[in-house]
Structure formats: C-alpha cells, structure tokens
Amino acid sequence: MSIKVISEEDIKTLETLAAKYPERRSALLPMLHYVQSIQGMVSPAGIQVCAQVLDLTPAEVAAVATFYTMYKRFPMGKHHIGVCTNTMCALLGGDELWKELTDTLGIGHDETTADGLFTLERIECQAACTVAPVVTVNWEFMDSMNPKSLRELIDKLKIGAPVQSTRGIKITSIAETGKVLAGINDGKYQESPLADDSMLAGLRVAQERKMKAPAAKGAK
C-alpha cells in the first residue's frame, strides 16, 4: 500500500495550524491528526515534516506520536472501528461485540483488513457508559449495540450504504474525521445533538430534587 506524499499545499496547512497557537509546538497534536488524515498513518516522513514546521527534533515528534493511541504508525483502513471493552461495556456485551467483529473480519487489535476497508481497535473506555455497549466508527458513536446491529453496520459500510451515527453525523471516513480533529471545520457540527435523553437523566433527577453540588473549599 503506497503512502501519499505530503505536498507543499499540505505543508501550508500545517503552517496555518501552527500559527493558531501562541506556542507553535502546541499545534503538534492537531498537526499529527492532519498528517494521519493525508497519509492514513503517521509516517516517518510525516514526523519529519511536523518537526521542521515546529522547529523540533524528529525524536520529540515521534515521542508524542507513539504516546497517544489515536496516532497509528501503520496504514489504517477507510473506517476505524473502536469497540469499548472496559468494565461497563464488557459486562453489557462489549466482549461479545469484539468477538463478533474479529470473527467476521478476521483481524485483531490494531490490524487492518486486506481490502483496506477496516481497522479495529480494542478501546478501554469511550466515556459513554449510559449507552453501553458502545462502538465507534471513525470516532462517531454507535450506541447500545448488539451482535445483530453490529453485523448490519459492517454490511452497510462494506457496500458504502449511508450510515448515521447515533449522536453525530453521517459516517464518512477516518481521513475526514482526522481533518476535523486537526481543527479544520467541515461545517457539520450542527448535525450532532449535544446530548441524548439518557445523558440528561441524572441532571433531571437533580433538578427535581433541588440538588446542588457542594461548594468547593475556598470558593466564594
């Protein structure tokens, strides 16, 4: 699989991202997301370009790129599928979902299918326990999944059929998501609801009971 070369136009975009921050090196995380959106991974060449733009050493950039699991050092598929298998999701079916996916696609953690369509990741927590078990597609939530709905999801993605995330936009690709994570506005944020009913349940109970959080020590 060939890795796309970072163009002069891409370097200009990286320079624009760096210019957003008072300390240019603060742009490294967004820049790595952008590089990954272009190349499908964070390659040695991508690390070198980020280092040059930010006047860092390649070792400094590589240290960051290898620390955060969202940055991959291998070619990703079109769709990144994350399965939460932390305690709540695991108890409610997350492990079963993971087995379903690995059996269906024939790959494991941080592996990509031969057709370049899917990359799987076993994730510790998606911060969505109220709608467990949770799967994400390109970091968009698919809530309260089960083996049947998961199979249907994969079948749709395989043929390029429209897929609407539970609390977000229509599924595109991990490359498009990477650009958004880099801070490039795709204009679709209004398609995502701020919160669903289950997320607001605790707030409603607190309001009904007139509950308030205790004041922090020293607060005025």
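Start by selecting helix H7, residues 174-181; helices here are DSSP runs of H or I with at least four residues, strands are runs of E with at least two, and both are numbered from the N terminus. Show the side chains of Lys179 and Glu176, which are about one helical turn apart because they sit three residues apart in H7. They form a salt bridge, with the closest N and O atoms 3.6 Å apart. Buried means under 20% relative accessible area, exposed over 50%, and partly exposed in between, using a 1.4 Å probe and protein chains only.

A quick note on what's on your screen: this is a predicted model, where local features need pLDDT of at least 70, side-chain atom pairs count only at pLDDT 80 or more, and totals for chains, interfaces and linings use all residues. Residues are numbered from 1 along each chain as its sequence is written, and side-chain values use heavy atoms, leaving out hydrogens and water.

Next, select helix H6, residues 147-159. Lys148 and Glu152 lie four residues apart there, about one turn of the helix, and their side chains meet in a salt bridge at 2.6 Å, N to O. Glu152 is partly exposed, with a relative accessible area of 39%.

Now jump to Glu121 and Lys72, whose salt bridge has its closest N and O atoms 3.0 Å apart. Glu121 is in strand E3 and Lys72 is in the loop between helix H4 (58-67) and E1, so this pair ties together parts 49 residues apart in sequence. Both residues are buried.

Which strands flank E1? Strand E3 (residues 118-123) runs parallel to E1, joined by six bridges, while E4 (residues 135-137) pairs with E1 in the antiparallel sense over three bridges. Strands pair if DSSP finds at least two bridges between them. Click Val83: opposite are Arg122 in E3 and Val135 in E4.

Finally, zoom out: the chain has eight helices and five strands.

Definitions and conventions:
Salt bridge = Lys/Arg side-chain N within 4 Å of Asp/Glu carboxyl O.
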